[in-house]
Amino acid sequence: TTHDTAKQPDRSHRKQRAPQHTTATIRSSKLLALACTTSLGRFARGLLQSSSTRAALRKQQSPRHSSFSPTSSTIMTGAQSALEEGDKEGRFVRTAATFREWISEEHATFKPEAGRYHLVISWACPWANRVAAVRKLKGLEEAIGLSVVAPTWQRTRPDDPEDQHAGWAFQVGEAPLASPTGYGSFHFDDCVGLPEDFGLDDVAAIKTVRDIYAATGTAATKFTVPLLWDKKTGTIVNNESSELIVMLNEAFNKFAKHPDLDLNPSSTRALQEELNSWIYTGINNGVYRAGFAKSQLAHDEAIADLYESLDKVEAILAKQRYLCGDTFTLADIRLFMTLVRFDEVYVVYFKTNKKQIAEYPAIHQYCRDVYQLLGGSEVINMPHIKTHYFTSHPTLNYYAIIPHGPGVVEDLKLPHDRAATPAKKAATN
């Protein structure tokens, strides 16, 4: 869905009409004359100079800077990003995932096999991060391959001036990447490309996640991670993170190093479903509803839901170690991936600064506990996280400036007190 205020693709290469004498032009001429003859001259000169300077700065572009328009409409190509999903009141409305097959022994096509499936993620994306965490906890590194895209979005069709879409791309070569608007210089040695046996004739031609979607012949217009790829049939099996974490928890146990670890025990499923229903709306998706809002009303609604939900989580965690008592579950992984990004990114970038996670005693200690349980930096890559958010959305941060603080990761390494938290057994079915 595109917004009514979105501009059409840049057509500045076309022949321009001769400038017309508009009301603004005449007003500027009068101000210039006034500047030379009256005591208001200094003010008028400053007004004109500041306006012309701003215009000049907007036009100045170094060779690295692209002609990317951060508010371009996707009407011409159909491709879109999350920033273009919303309703008429400016509320962010996330579209559903498009690939929803389920790997199981009973499935006619997609059966569990070691080496057959390949996971494509971004360490920056909380939805992809949750799937990568389950893959690690279950010990599926040898059974399911992993590719990691660069954190900074890139133009996915850079040679097409009509196609302004920016999205996930692979780090190719040693040259640093710039933001979609051409600012900054970013290179990461820990990105991972696609394997040669990915299941496509020309794997080297796949430069972006959009290219993977295009290879399936899908009509999808949103190209997201995570995605689980089937190398045998050459298609995407599933790109819905909430389903992928369940799938990886249960479908590949005969290939897992930790098959006895159950992150979704039957005794907790009803409670997890109830928790996820409001944690997703208020917190996981709530930060995006606040950050991608295009009206004050939409932002205010999201903030109210967000902090009401955080207060509920704080009350739960003040009484027990995890969301489902003393049992660590998928619900905890889903929640934590938002919490770990909160103070470092969302407080600034999404304007969720009413209260920081560090100000919630129970949640703060819980984050230390979960971070250390997951393996710390093996699962949470804060450089990727910060680089992605602060460099990929030009309407929110045009010049791709990345703030330095507050240093959440160092805090997460500190000892926690959660082992002393009274454990409350989750209710059984």
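The side chains of K386 and E344 meet in a salt bridge, with N and O 3.0 Å apart. A salt bridge here is a side-chain nitrogen of Lys or Arg within 4 Å of a carboxyl oxygen of Asp or Glu. K386 lies in helix α11 (residues 382–392) and E344 in helix α9, so the pair ties together parts that are 42 residues apart in sequence. Helices (H or I, at least four residues) and strands (E, at least two) are DSSP runs, numbered from the N terminus. K386 counts as buried, at 8% relative accessibility. E344 is buried too, with a relative accessible area of 3%. Buried means under 20% relative accessible area, exposed over 50%, and partly exposed in between (1.4 Å probe, protein chains only).

The model is predicted: local features need pLDDT of at least 70, side-chain atom pairs count only at pLDDT 80 or more, and totals for chains, interfaces and linings use all residues. Residues are numbered from 1 along each chain as its sequence is written, and side-chain values use heavy atoms, with hydrogens and water left out.

Side chains of opposite charge can pair when their charged atoms come close. A search of the whole structure finds 17 salt bridges. One of them joins R91 to E301, where the closest N and O atoms are 2.7 Å apart. This pair links distant parts of the chain, 210 residues apart. R91 sits in the loop between α2 (41–59) and β1 (117–121), and E301 in helix α8 (residues 296–317). R91 is partly exposed, at 26% relative accessibility. E301 is also partly exposed, with a relative accessible area of 28%.

D369 forms a salt bridge with R321, and their closest N and O atoms are 2.8 Å apart. D369 belongs to helix α10 (residues 361–374), and R321 to the loop between α8 and α9 (330–349), so the pair ties together parts that are 48 residues apart in sequence. D369 is buried, with a relative accessible area of 3%. R321 is partly exposed, at 22%. Elsewhere, E113, R116, D230 and K232 are linked in a network of salt bridges.

A disulfide is a pair of cysteine sulfur atoms within 2.5 Å. The structure holds 0 of them. Among the cysteines, C125 counts as buried at 7% relative accessibility. C191 is buried as well, with a relative accessible area of 17%.

Aromatic contacts come next. The search finds 25 aromatic pairs. Rings of Phe, Tyr and Trp (its six-membered ring) pair if their centres lie within 6.5 Å; planes under 30 degrees apart count as stacked, over 60 as edge-to-face and the rest as tilted. The rings of Y213 and F223 have their centres 5.6 Å apart and their planes at 65°, so the pair is edge-to-face. Y213 lies in helix α4 (residues 209–215) and F223 in the loop between α4 and β5 (227–230), 10 residues apart. Both Y213 and F223 are buried. Y398 and Y399 form another edge-to-face pair, 5.1 Å centre to centre with 75° between the planes. Y398 is partly exposed, at 29% relative accessibility. Y399 is partly exposed, at 45%.

One aromatic cluster includes F92, W127, Y280, Y288, F292 and Y307. F342, Y346, Y349, F350, Y389 and F390 also belong to this cluster.

Charges over rings form a further group. A charge sits over a ring if NZ of Lys or CZ of Arg is within 6 Å of the ring centre and within 35 degrees of the ring normal. K312 lies over the face of W278, at 4.0 Å from the ring centre. K355 lies over the face of Y360, at 4.2 Å from the ring centre.

The strand β1 is mostly covered, and 5 of its 5 residues are buried. In a regular strand the side chains alternate between the two faces of the sheet. Both faces of β1 are covered. Y117, L119 and I121 are buried on one side, and H118 and V120 on the other.

Two strands pair if DSSP finds at least two bridges between them. β1 and β5 run antiparallel and are joined by 4 bridges. L119 stands opposite L228 in β5. β1 also pairs with strand β2 (residues 145–148), in the parallel sense, over 4 bridges. H118 stands opposite G145 in β2. The chain crosses from β1 through helix α3 (residues 126–138) to β2, and this β-α-β crossover is right-handed. That term applies if, with the strands pointing away from the viewer, the path from the first strand over the helix to the second runs clockwise.
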